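Good morning, and thank you for making time for this presentation.

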Amino acid sequence: MMLSNPSRTVCARCIRRGRHFSTTVHHSAQPRSDHGNPAPPPEAGYTRLTNRGLISVTGPDSTSFLQGLVTQNMVKQSAEGKSSYVAFLNSQGRILNDAFIYPTAETNAADPGWLIEADAAELPALLKHLKRHKLRAKLQLRVLDPTERTVWASWKQHNGDGRWAAHSLGDSVSESSGAGAGWGADVNITGCVDTRAPGFGLRLVTPGDADLRAHFARQLEEAGAHEASLGSYTVRRMLHGVAEGQAEILRAASLPLECNMDLAQAIDFRKGCYVGQELTIRTRHTGVVRKRILPVQLYADELPVREGEGGSGGPVYDPSADAGLAPPAGVQGLDISRVGPSKGRSAGKFLAGVGNVGLALCRLEMMTDVALSAEGTTQYTPDREFKISWDAAEGDGSEGSEREKVRTVKIKAFVPPWTREYITSGTQQARARDPIREGQRARELAERLAAEEEDARLHE
């Protein structure tokens, strides 16, 4: 399957119908369990994303400025008035920030404007990166106060295939007449379909800091949707294998394709030159993506659920599980190794977890049955187990003293069906191509990109 539905602006008629919410009623309270874990995510809900912030980019050069910095084709997005999921890369092709970019209500061809949604903790670093490349561009950059606008995620549980939430939009895309249009009484509301996983829902940006019900009270009431905690939203992300922010997409260390940004439609492989494009294009045409971010199950002794064949099912979140299964939030990049006396080669990196679920950057041919080679071979065996270990402080009973001990938990990776289908499709296409011709094509493209960059520097 090729993923063909781009991120799209949502119109008023769909919001009036409330079609992006379920009709299942859930209680609004989102208590934590006795073990300190968040409540499971509701089938229909919305979350205020206080961990995300916004940067305003306005001015006649704002679109061309962003075009040279992000992985998405902003000229095309501007012409169509669309929002999109993107990445900012460094010159080595590593991710600096994952982001959503929305056109503002005032956007027009003469004076376009954009809102960049990114990890709130990383806004100062992202703003510095933007100012470094501003040069003499005619634009203004400003970090928005949290009270000016609010970022939301909304969703409903789909019983069907839920392909990229396109069915929640119906035939409404054509009704939107441009940026900021199609949002009912308040044209300052914007948003897009979240393309990072099938049926993952919508991203919304509303003016002020009022609850989402202040804008869509009737729709939410009819849908029976209630606000979920940020922790519940995080659990839902991890169950879908969706990483977010630089606590999970490690800054200046993560590659876009390893973070599933090709699958999430965050990269336009046909657009012109941008920072970090050379390595991204080369990996696309000649390399094999051997590692991917996947959802994982954490367990102490025995795997608590019966997984699908080859790990094709998915982890099951248990709010009553020991909260200590997941490493502390400040512990990043733990090596995943085999259980047994001989660790061998690292099988990946653990990124983050909540309770008994999490995300990890996994070597596909070691931790899953996905075969990437032309021979279709893999190092995976169903009975092989993997683990992560970290130093954990624990009181030894004496006042004012602590001792260090090593905490070890087992970890099982799962390949979501849409990820497996995407990888399989790409592997089959790669096997059908002539590797010599593809290598020559990639080298020629890299040389052309380098020449374009040099020419651009000479004309600055």
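Does D369 count as buried, exposed or partly exposed? At 28% relative accessibility, D369 counts as partly exposed, where buried means under 20% relative accessible area, exposed over 50% and partly exposed in between, with a 1.4 Å probe and protein chains only. D369 also forms a salt bridge with R420, the closest N and O atoms being 3.0 Å apart; a salt bridge here is a side-chain nitrogen of Lys or Arg within 4 Å of a carboxyl oxygen of Asp or Glu. D369 lies in the loop between α8 (364-367) and β15 (386-395), and R420 in helix α9 (residues 417-432), so this pair ties together parts that are 51 residues apart in sequence. The element names follow DSSP runs numbered from the N terminus, with helices (H or I) of at least four residues and strands (E) of at least two.

A word on provenance. This is a predicted model, in which local features need pLDDT of at least 70 and side-chain atom pairs count only at pLDDT 80 or more, while totals for chains, interfaces and linings use all residues. Residues are numbered from 1 along each chain as its sequence is written, and side-chain values use heavy atoms, with hydrogens and water left out.

Now the chain as a whole. The protein chain has 10 helices and 16 strands. Of its 460 residues, 52% count as buried. The chain exposes about 20500 Å², and carbon and sulfur atoms supply 49% of that area; accessible areas come from the Shrake-Rupley method with a 1.4 Å probe, and for residues only the protein chains shown count as cover. Among contacts with a separation of 6 or more, 73% involve residues 24 or more positions apart, a contact being heavy atoms within 4.5 Å.

How many of the 10 residues of α6 are buried? Eight of them are, so α6 is largely enclosed by the rest of the structure. The buried residues are G231, S232, Y233, T234, V235, R236, R237 and M238, and their cover includes β1, β7, β9, β11, β13 and β14. After α6 comes G241, whose phi is positive, near 75 degrees.

R237 leads us back to charges. The structure holds 19 salt bridges. In one of them, the side chains of E248 and R237 meet at 2.8 Å, N to O. E248 lies in the loop between α6 and α7 (277-286) and R237 in helix α6, so the pair ties together parts that are 11 residues apart in sequence. Both E248 and R237 are buried. They also belong to a network of salt bridges that links R52, D98, E117, D194, R196, R203, R237, E244 and E248.

Finally, a charge without such a partner. E258 lies in the loop between α6 and α7. E258 is buried yet has no salt bridge, and the nearest side chain of opposite charge, K291, is 4.1 Å away; Lys and Arg count as positive and Asp and Glu as negative, with His and the chain ends not counted. Leaving aside neighbours within four places in sequence, E258 is in contact with V289, K291, R292, I293 and L361. K291 itself stands opposite R363 in β14. Strand β11 (residues 291-299) pairs with strand β14 (residues 357-363) in the antiparallel sense over seven bridges, and eight of the nine residues of β11 are buried.

Note on methods: Two strands pair if DSSP finds at least two bridges between them.
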